[in-house]
Each structure stands twice: as C-alpha cells, then as structure tokens.
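Please report on the fold and contacts of the two chains shown here.

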Amino acid sequence: MTAGMDKSIEELLLAKDRRRELRMQRLERSCITLSFNLNIPGLPKSNEHFHAFFTTCLHELQDYLLSHRIVIDQKTIHCATDAAGDFFLADIIDSDYSAIQIKKYCESFETKHPVGRLLDVDVVDEKGEPVSSGKAKTCFFCNAAPAIYCMRKQSHDYAAMRMKVELEISKYQESKKKNRVCKQLAILATQSLLHEVALAPKPGLVDRFDEGSHSDMDFSTFLNSTAALSVSFRKIADFGYTFNGEDLKEALPNLRLLGLEMEADMFAETHGVNTHKGAIFLLGFSIFVSAYLLARDSFSNEAFVSAIQKMNGDLVARELGKKLYLGQETHGEVCFRKFGKKGQGIRGEIQAGMPCVFLKALPVLHQHFDSEKILTDKLLNKGLTHALLAIISQNDDSNILYRKGEEVLEELKNRAIVCVDKYGKSDFDADYASLIEFCKDKKISPGGSADLLAVSYFMYGVNRQLVWNDE
Amino acid sequence: MTPKFKAQAGTFESSDIMVLIEPVAEGSGRQVDISSTVMLQFEEDLKTCINQVLDVMEIENVHLIAKDKGALTPTIKARVETAVKRSLGIQEGTL
C-alpha cells in the first residue's frame with residue numbers, strides 16, 4: 001500500500017474492496033443483484049443521521065421494488081455500515097425483468113424520491129457486469145454541472161456540501177415525522193370515539209348492546225358518525241402541525257370552518273341526529289393543539305392545557321355572553337343564563353384547563369393501562385368505565401342541567417362519587433348497576449362526560465404513543 | 001521495471017476505479033486505455049494522473065486499462081500503484 005496514504009482513504013478503499021468481494025461471491029449463483037447506498041460527499045460516510053436516513057430510504061426502496069414485483073431474496077441480504085458508509089446488497093429472485101429493466105425502475109425510484117440525488121441504487125447483471133444507464137446525474141450541490149464534473153474539478157467545498165446534505169436529509173426526515181405524527185393523531189381520535197361508544201354497560205349512553213336513554217340513535221348511528229369524522233381528523237392534525245401564526249387564536253376561524261364541515265358530515269350520516277357535536281369541538285381543539293406542540297417537540301400535558309386556555313381566552317364571556325346566532329337561544333346559552341358558573345358547560349371546562357380530563361380521568365387511565373402492552377377489550381372496558389365514572393363525578397354536564405335540572409345532576413354526581421370510591425371492591429357492580437338503572441329511569445344521558453372520556457382516551461394515547469415512545 | 005504478471009486493483013463501486021495491468025514485451029512502451037463510463041472529457045486528466053504514478057514507479061513497458069467510476073485523484077493513485085505492485089509481484093492482497 002502507498003506510503004503516506006491517508007488512513008481514511010485506505011480504509012475507504014479497503015471497504016470498497018470488501019464490497020467487491022461480496023459481489024464476486026454472488027457471481028457463482030449467477031443472478032441479478034441490487035445494491036443500495038447513499039452518496040455522501042466527504043468523510044465520515046456514515047453517522048447517526050445518515051444511518052437513520054439510509055434505513056428510512058431502504059424501507060421505501062424495498063416497498064417500491066415489491067410493488068413492481070421485483071422480489072428481493074431475503075436470505076441473501078447483506079446490510080452493514082463500514083468506512084464506505086451504509087451498504088445494502090441482495091440477490092433478486094428470478095424475475096420477469098431483465099437487469100436493464102430493473103435498473104430503469106431503480107432510476108425512476110431515485111428520480112421520483114424527494115432527495116433521490118443522495119440515493120444510489122445499483123444493479124449488477126447475471127454476469128457480474130454493472131448495468132449503467134449512461135446518464136450523467138447533475139451535481140446535487142450546484143444542480144447545474146454534471147456531478148462527475150464537479151467531483152473531478154473539486155468545485156465545491158466539502159464542508160458546505162455536507163451541510164447541504166445534512167439539511168436536505170433533516171428536511172426529509174421532518175416531513176416523514178409530520179406524516180407519522182399526524183397519522184397517529186387521526187388514528188387516536190377515531191379510536192377514542194369508537195372505544196367510547198363500544199364501552200358497555202354505560203349509564204344512559206349508547207353502547208354496543210344498548211341505546212341507553214336515547215330513542216333517536218343507536219350503536220350504528222355512532223359508528224356512522226365516527227366514520228364521517230375520521231376523514232377530517234387528519235386535516236386538523238396537518239393544520240396544527242404546520243400552523244405558524246404568532247397567536248394560536250389566529251387558527252380559530254379555520255378550525256371553526258373545519259368543525260362546521262365535520263358537523264355537516266356528521267348530520268348527513270346520522271340523518272340529522274347530534275351524536276358528536278361536543279366531541280368535534282373537544283377533539284378538534286385537542287388534535288390541533290397536540291399537533292402544534294408535537295411539531296415543536298414541546299408537548300406536555302401542562303403545555304397542552306396552557307395552549308388550549310390561551311386559544312380560548314374568555315370563551316364563556318365571549319360565546320355565552322352574547323348571541324352568535326339570531327333566533328332561539330342554544331341549550332348552552334339557556335344553561336348559562338339559568339345556572340351561571342355551574343352552567344358554563346364545555347366552555348367552562350376548557351377555560352378551567354379541562355380538569356375532568358387531566359385531574360380525574362387521566363390518572364385513572366394511567367393506573368389501568370401503563371403497565372399493559374396491548375389494551376385488550378377487557379382492559380379497555382375496565383379502565384374506561386372507571387375513568388367515565390371519575391368524569392361524571394366531577395362534570396357539571398350542561399346537557400343534564402338543561403334537560404333535568406340541578407337536583408338530578410347533583411344526584412348523578414354523588415352516585416358516581418360512590419361508584420368511584422367502591423371501584424375494585426365487591427359491591428361496586430351492584431352500585432354501578434343501580435346508577436345505570438337510575439339514568440335509564442330518569443332518562444339521563446351524560447353525553448358531555450362521554451365526550452370528555454373520548455378526549456381522555458385521546459390524550460392518554462398521545463402521551464403513550466407519541467411522547468413516551470419517541471423519547 | 002517491467003510488469004511480469006496480469007494484475008488488477010480497484011472496484012466498480014461508484015467513486016472508485018478498476019485498474020487492469022497486462023505485461024508487454026520489453027521495449028513496447030506504455031499504452032494507457034481509459035474507459036470512463038461517465039465522462040470522456042476527463043480522459044486526459046485521468047491519463048496524466050496515471051502516468052505520474054507510472055513515472056514515479058519507473059514503469060516504461062506496460063498496457064494499463066482503467067475503468068473509471070468517478071474516482072478522485074488519491075483513489076486513482078492508490079489503485080494504480082497497487083495494481084502495478086501486484087503486476088511486479090511485490091504486493092499481495094488488497095488495495
């Protein structure tokens with residue numbers, strides 16, 4: 001070896017020799033092989049960032065190949081990181097395509113990929129000859145001259161090139177994170193409505209076996225409504241993730257617009273029955289704020305509460321204190337006029353930082369679910385029943401207040417307090433059954449508490465799936 | 001010195017170069033053939049770089065074939081030197 005040759009170049013060349021050896025070993029099997037690596041200018045050829053990016057793109061490449069029915073022989077996969085960087089090599093199982101056709105597909109993968117210029121997918125034919133398209137790629141850095149020209153001429157500064165590469169990779173990884181987070185938020189929101197309605201038995205509420213105190217809706221009405229809303233949850237998440245206004249309040253008009261669209265979708269699917277108006281309001285805010293905070297890596301329950309309070313400001317005074325619509329008073333307005341602070345309903349709950357969710361329900365859900373890997377129906381039924389009772393015991397549900405008055409609401413809350421105290425004890429079942437009977441008898445439906453239960457499930461899920469898992 | 005054996009160094013990996021050496025009869029001179037898959041306009045640069053190594057090593061009679069995959073100068077020099085040494089029987093193994 002050359003005297004005085006740079007140690008790192010020596011290692012780089014040795015690594016390339018080993019790659020060649022790996023390729024040569026495959027020659028006797030005489031099949032087409034495919035390799036994948038990144039084009040990283042300068043040294044080192046791999047680091048934590050590059051490796052994560054390589055892994056992401058490798059998954060994408062494998063899906064792409066599979067979608068074109070170009071099948072990788074899993075047994076022949078070599079995937080390792082050395083001085084020449086991250087490297088993947090595998091045989092292709094007898095395909096209908098020639099090596100040239102496979103190379104064309106791989107080129108199209110590179111071209112269509114947002115940072116495809118950093119990706120290098122090479123195909124070697126059955127005889128061990130690299131397949132070349134003969135096309136010269138343009139330089140990633142200046143995007144003007146052919147890459148090979150800039151390389152030979154050493155046109156660009158390595159540090160500057162690497163900075164640009166790092167930046168492009170970060171941007172791409174960020175877009176992947178956005179997609180993952182927003183998708184997860186939409187999944188959690190839909191799950192929260194499904195698990196809430198499926199929970200059974202419930203006092204006065206629609207569940208999977210019973211219509212509770214309702215005559216105009218049943219289990220299927222809720223499933224249809226949930227399906228209608230699920231389409232929009234992702235939109236709210238995307239909006240929150242990308243929102244960059246100075247004041248969160250600037251998001252309100254657009255959020256309301258999305259909310260109105262969701263209400264219309266809901267009514268279309270339920271034939272005019274209000275299944276989820278409260279849930280749209282609560283989940284809408286929760287998804288938006290969660291996405292906004294997760295995008296900035298600053299989600300915490302405290303940050304969430306503070307953001308949601310800031311967004312709503314003096315919601316009670318603004319919305320309940322004055323008429324938004326001409327004509328009849330809404331139920332919420334009547335309640336506020338008649339019962340004052342106690343009749344503030346969901347707006348009051350938000351303004352107070354959602355204590356039913358964060359102080360009552362979440363501790364219960366943590367207690368039931370934290371040590372469990374998979375939340376089975378049985379576990380969910382236990383945890384959510386316990387949490388629902390904790391919410392009912394605290395919540396001044398304006399629904400009940402409006403329809404049944406203060407006395408009934410207080411009795412319901414007191415019965416729920418008793419059930420929460422007895423939870424897990426032998427006489428719980430009898431007390432819970434009697435609470436359910438009481439609601440049926442009085443035709444009470446604690447719909448506001450059901451909405452808060454859904455939000456509690458959602459917030460628990462955000463913490464579990466997007467905060468702890470990402471740490 | 002005059003190469004005695006057929007030898008090669010390098011790979012077809014991108015940013016590398018494959019150098020093949022064939023012994024020729026004493027007095028036949030140097031013949032350097034380049035096939036750069038990517039860009040022919042660098043042929044002269046490549047030749048100059050290869051000839052520099054051959055000059056230093058005092059190789060006058062040789063047929064050298066280089067298949068370039070976009071290698072940079074240090075890589076070209078290292079690969080040519082290794083191939084020559086192998087063809088002289090003074091280096092075993094890699095590089």
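Two residues are in contact if their C-beta atoms, placed from the backbone, lie within 7 Å.

## Basis of the report

This is a predicted model, in which local features need pLDDT of at least 70, side-chain atom pairs count only at pLDDT 80 or more, and totals for chains, interfaces and linings use all residues. Residues are numbered from 1 along each chain as its sequence is written, while chains are lettered from A and ligands numbered from 1 in the order in which they are written.

## Chain A overall

Chain A has 18 helices and 4 strands. Both are DSSP runs, numbered from the N terminus: helices are H or I with at least four residues, strands are E with at least two. The radius of gyration of chain A is 30 Å, well over the 23 Å from the globule rule for 471 residues, so chain A is more spread out than a compact globule. That radius is taken over C-alpha atoms, and the rule is 2.2 Å times the number of residues to the power 0.38. The C-alpha atoms of chain A fill a box of roughly 95 × 45 × 45 Å along the principal axes.

Of the 471 residues in chain A, 39% are buried. Buried means that 20 or more other C-beta atoms lie within 10 Å of the residue's own; exposed means 12 or fewer; partly exposed is in between, with C-beta atoms placed from the backbone. Take the contacts in chain A between residues at least 6 apart in sequence: 70% join residues at least 24 apart.

## Strands of chain A

Strand β3 (residues 85–91) of chain A has 7 of its 7 residues buried, so it is largely enclosed by the rest of the structure. Strand β1 (residues 33–38) of chain A pairs with β3(A) in the antiparallel sense over 5 bridges. Pairing requires that DSSP finds at least two bridges between two strands. Leu34(A) has Ala90(A) as its bridge partner in β3(A).

Strand β2 (residues 78–82) of chain A also runs antiparallel to β3(A), joined by 5 bridges. Here His78(A) stands opposite Leu89(A). β2(A) and β3(A) form a hairpin with 2 residues between them.

Thr76(A) lies in the loop between α2 (48–67) and β2 of chain A. It has 15 C-beta neighbours inside 10 Å, so it counts as partly exposed. Leaving out residues up to four places away in sequence, Thr76(A) touches Ala90(A) and Asp91(A).

Helix α6 (residues 219–242) of chain A has 24 residues and should span 34 Å at 1.5 Å a residue; its end C-alpha atoms are 35 Å apart, which agrees. The expected span is 1.5 Å times one less than the number of residues. α6(A) bends by about 30° at Ser230(A). This bend is the angle between axes fitted to the seven residues ending there and the seven starting there.

## Chain B and the interface

Strand β1 (residues 7–10) of chain B and strand β2 (residues 17–22) of chain B run antiparallel, joined by 4 bridges. Ala7(B) has Ile21(B) as its bridge partner. β1(B) and β2(B) form a hairpin with 6 residues between them, and Ser15(B) in the turn has a positive phi of about 65°. Asp68(B) is in strand β4 (residues 62–68) of chain B. With 26 C-beta neighbours inside 10 Å, Asp68(B) counts as buried.

Which residues make the contact between the chains? Chain B gives 20 residues and chain A gives 21 residues. Helix α2 (residues 73–88) of chain B supplies the largest share of the chain B side, 6 residues.
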